[in-house]
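Visitor: Please take me slowly through one part of this model, and tell me how its pieces are arranged.

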Amino acid sequence: MIPQQVIAAKRDGGKLAPGEFALFLTGYLKGQVADEQMAAFLMAVQFNGLSARELDVLVKVMLHSGRVIEPGDDWPGPRVDKHSTGGVGDKVSLVVAPLAAEMGMVVPMMSGRGLGHTGGTLDKLESIPGFETRISLERFDRVLREVGCAMIGQTDEIAPLDRRLYALRDVTATVPSIPLITASIMSKKLAEGLDGLVLDVKVGRGAFMKDIDEARALARAMTRVGAARGMAVSAVLTAMDQPLGRAIGNALEVREAVACLEGGGPRRFRALCVELAAEMALAGGLASSLDEGRSRAEGALGGGGGMERFERLVAVQGGKLDPARSALGLPVAPLRKTVSADREGWVSRIDPLALGYGLIALGGGRKRQDDRVDPRVGFVMEVEVGTRVTPGDPIGVVHAGSVDGLATGVRALAEAVAIGNEENTAPLPGVLERIRSPGATTPGRGFPPA
Ligand code: URA
């Protein structure tokens, strides 16, 4: 296999022979294909896509690049996970993993770092002092049995090829590709030994899929891969036309997730957590209808059990959250500035893409693979689309680590928010559509008939 021949074939729109493609991929892990060659290949895929056969090879090689956990019967409940295709302010996993555990599911969650302009669950978790996301599979298993949920990243043991490709895609603008996202997500999830999977497919300007047709195509590609391997997969298409919740930035988002687990938090964010936990209950066979799932999720969220599980999860994975201290003991940015409305009207747009890139500019995301993320920085919005404002009303607060950062953040926030004259600017509804895997055959635990 000659790497540049494989790259040229994809660049020119050709089809790769399965054996040669597999050698190219495994060669990357062995150091026979360099980062720059893989980056060029990923860009060729970004433009020319992959055939169904090529996608199958990519999923298989990524899945088997590490260990694959077999679903077992010795768990106290169905093993169900939720994964998002990526959004701005998306801290749903921090709420939904302990919530689903509280509802009786076992949640072996493998997440990623920030990707492109979107934030990553691992970076959020690592803003908690001491929290370890790189733990052995044995320890992962122990945490799962003790708490009902565990949260890790791709490791050398599970999905190592995704870990390498993910980091490369983050900084080479090769994220928004349907086959690359499909293989990245499904290889990790198939390795987790799940009974059911819920995919939160984000749609809109702050998502990788900008419109509903692209999001449907991504959802169908992922549910097809799951169904082919007998996994019950449900894709929920949800709005990303404005940031999710008020906080954008790693430690800030952990605080908002905790507020939600404690019974508060922004209304739309909370509603989405309930909706996804309900879908997980359905996927795991713990509820026979979405309504039943919703009422179980609301009960678990209101009862405080989700928060108690989150605290246990943090403690057993080495983290220190201190509810008695201000900001829970999380790192806090030294500089803050409120940005105010300069005119009267209704908020007509909060551009999630501008805020996502604004967070990277503040140091809360990566420009290069080896960048360290500043967990303290970000934005806290005071308005949402449709809020009425008059001049001087606060629209958001920038949290920065330096004077230059503060100025950059203020510019990004001011540019992200538009104020118009129309009262009736309606945001997209939270949940747009659901697509469930056809013919999923997980015995006894798949979806009930429609
Ligand atoms: N989440 C992933 O794990 N991979 C992607 O490519 C996008 C979102």
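Visitor: How many bridges join strand β4 to strand β5, and do the two run parallel or antiparallel?

Guide: This is a predicted model, in which local features need pLDDT of at least 70 and side-chain atom pairs count only at pLDDT 80 or more, while totals for chains, interfaces and linings use all residues. Residues are numbered from 1 along each chain as its sequence is written, and side-chain values use heavy atoms, with hydrogens and water left out. Strand β4 (residues 196–203) and strand β5 (residues 232–239) run parallel and are joined by 8 bridges, where a strand is a DSSP run of E with at least two residues and pairing needs at least two bridges.

For a helix pair, turn to α7 (residues 137–147) and α14 (residues 305–316), which pack at an angle of about 155° with their axes 10 Å apart; helices are runs of H or I with at least four residues, and angles, from 0 to 180 degrees, compare N-to-C directions of axes fitted to C-alpha atoms. The two helices are therefore roughly antiparallel, a term for angles over 145 degrees. Where they meet, with heavy atoms within 4.5 Å, Arg139, Val143, Glu146 and Val147 of α7 face Arg309, Arg312, Leu313 and Val316 of α14.

Note on methods:
Parallel < 35°, antiparallel > 145°, perpendicular 65-115°, else oblique.
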